[in-house]
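Here are a few notes to keep beside you as you look at this structure for the first time. Take them in order, with the model open.

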Amino acid sequence: MSEIEVIEGPGLDGKRRALVLTEDRIGHYPEFRDFFVKRFSLDTIGLARSGYIRAPSGTIYSLVFVGRSGKRFPDGLEIYALVDALEPLNDAGVDTDLWALLRWMIQGVGGEWKVEDLDATGRLYQLPFLSQPG
Amino acid sequence: MKLDTAKKVGPPQHFVHDEWPYEPKFKRVNGWRMHYIDEGGGDPVVLLHGNPAWGFLYRKFVKPLTAAGRRVIVPDMIGFGLSEKPVSERAHNLDGHIANLTGLLRQLDVRNATMVCHDWGGPTGLGFALSNPDRVHALVIMSTWAWPLPPAEFHKRIFPWRMMHAPLVGPYLLGRHNALAGRGMYLSVVDRRKFRDEAQSVYEGVLPDPATRLLTWTWPRWIPLDETARGLERFQWLERELKKSKFPTLLVWGREDEVFDHKTFATRFKELLPHAEGPELVTGRHFLQEDSGVEIAEKINDFLDRIDGSRP
């Protein structure tokens, strides 16, 4: 599965943002919040703009970081696919793109968090696009 | 305005199943619509499920218990089953869920109750019992815990536990893919073929959309792993109060339970409650009700007959 690429703000003409995943508690394990803060310079940018990534399918996703009073920023994260305004999502493509994003995230978080463990978790729960265990 | 307007709101879905012929009932608790069934008459037995189950887990308990002259109340935790499913993670916390149960059981004026506690039905049901001792008669404890800090070595592991509900992974795996209600439960019973054929689709089907599955990854995040954990003080309170309690108690555990293994967990409950009977071991992993439902129901009947003096 190819890599996630962080990109600058893309053109949004003729596009819509389709919500594909919501995380209400990105800092449940603080190292996950730290990863996004570092990767998108959130300690200086704050809420000023979204992050953008290009996924293996070529689809661009917008990462909207959510702040809450009294909580470290970001507290939540919403992920939107940027798709043609009037076209439906390709759910299967979104699924594999999000999996690639999770692998990229786990690799970036590092430490005790290993991509191998994420892959093993995906296989344990039989994600349809992963090879089945023997 | 009277808050108990749930019947006007109505259930979100109509559930029909041969093994669940019970009239759905609803009460408004803490602003949420809670589903429950209320069958039979006599002293109440309250059957409490955990994550990601609902009252259906106790489908094989209802008839044996009511046939023995008991009233059976089976609530669906807010966020599961046919109860309302809030879509904000902040809607869920341990104290709130204890208060939800308290709200229901006080509205039903439940007294002299036997609380049957499983998984998160443990901390919530025991929380109710210990804060409403005048309404509780006895406890039945199955595959759960009630003390702070990691309940088991398993819960500290990245694979398969912490990765499953990690940030973004939880909403993806348990939300988009309904992994806990499907594959997760399947892996946590002994007779997997029977579970797959008879029950798995029911658990999956009652959580039909990602947004309805929020609690399946929220509850795992409430298990304390260190001193900074949410809910730590409540678990400390549970342990402290449980140790002081004198409720007649029966421990029932799945022989094959690898997560809440009986050697660790039932033993710990015996240390807290030396007067407890058991553990009675039955065929079962974590969801032991699926493998040994009728047998456990009969053990509850025997236990209650014994402590009530109607059986030697």
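1. Let us begin with a term: a salt bridge here is a side-chain nitrogen of Lys or Arg within 4 Å of a carboxyl oxygen of Asp or Glu. By that rule, four salt bridges are counted between chain A and chain B. One to look up is the pair B:R162 and A:E112, whose closest N and O atoms are 3.5 Å apart. Please keep in mind that this is a predicted model.

2. The polar contacts come next. Twelve residue pairs, both partners at pLDDT 80 or more, are in polar contact across the interface of chain A and chain B. On the side of chain A that touches chain B, the elements giving two or more residues are β2 (15-23), α1 (30-39), β5 (76-84), α3 (91-109) and α4 (115-124) of chain A. Of that side, α3(A) supplies the largest share, with nine residues. Sorted by class, the side of chain A that touches chain B holds 23 nonpolar, four polar and eleven charged residues.

3. Now for the extent of the interface. In residues, 38 of chain A are in contact with 29 of chain B. In area, about 3000 Å² is buried between chain A and chain B, and carbon and sulfur atoms give 66% of it. Within chain A, the residues that lose the most area to chain B are A:R25, A:Y29 and A:Y125, which together make up 23% of what that side buries.

4. The C-alpha trace of chain A spans about 50 × 40 × 20 Å along its principal axes. As for burial, 47% of the 134 residues of chain A count as buried. Among contacts in chain A between residues at least 6 apart in sequence, 62% join residues at least 24 apart.

5. The side chain of B:T212 reaches the backbone oxygen of B:D209 at 2.6 Å. Neighbours within four places in sequence aside, B:T212 is in contact with B:G79, B:K85 and B:L207.

Note on methods
Residues are numbered from 1 along each chain as its sequence is written. Chains are lettered from A and ligands numbered from 1 in the order in which they are written. This is a predicted model: local features need pLDDT of at least 70, side-chain atom pairs count only at pLDDT 80 or more; totals for chains, interfaces and linings use all residues. Side-chain values use heavy atoms; hydrogens and water are left out. Contact means heavy atoms within 4.5 Å. Buried area is the accessible area (1.4 Å probe) that two parts lose on being put together, summed over both. A polar contact is a pair of N or O atoms within 3.5 Å; within protein, one must be able to donate a hydrogen and the other to accept it, and residues adjacent in sequence count only if both atoms are side-chain atoms. Helices (H or I, at least four residues) and strands (E, at least two) are DSSP runs, numbered from the N terminus. Ala, Val, Leu, Ile, Met, Phe, Trp, Tyr, Cys and Pro count as nonpolar, Asp, Glu, Lys and Arg as charged, and the others, Gly among them, as polar. Buried means under 20% relative accessible area, exposed over 50%, partly exposed in between (1.4 Å probe, protein chains only).
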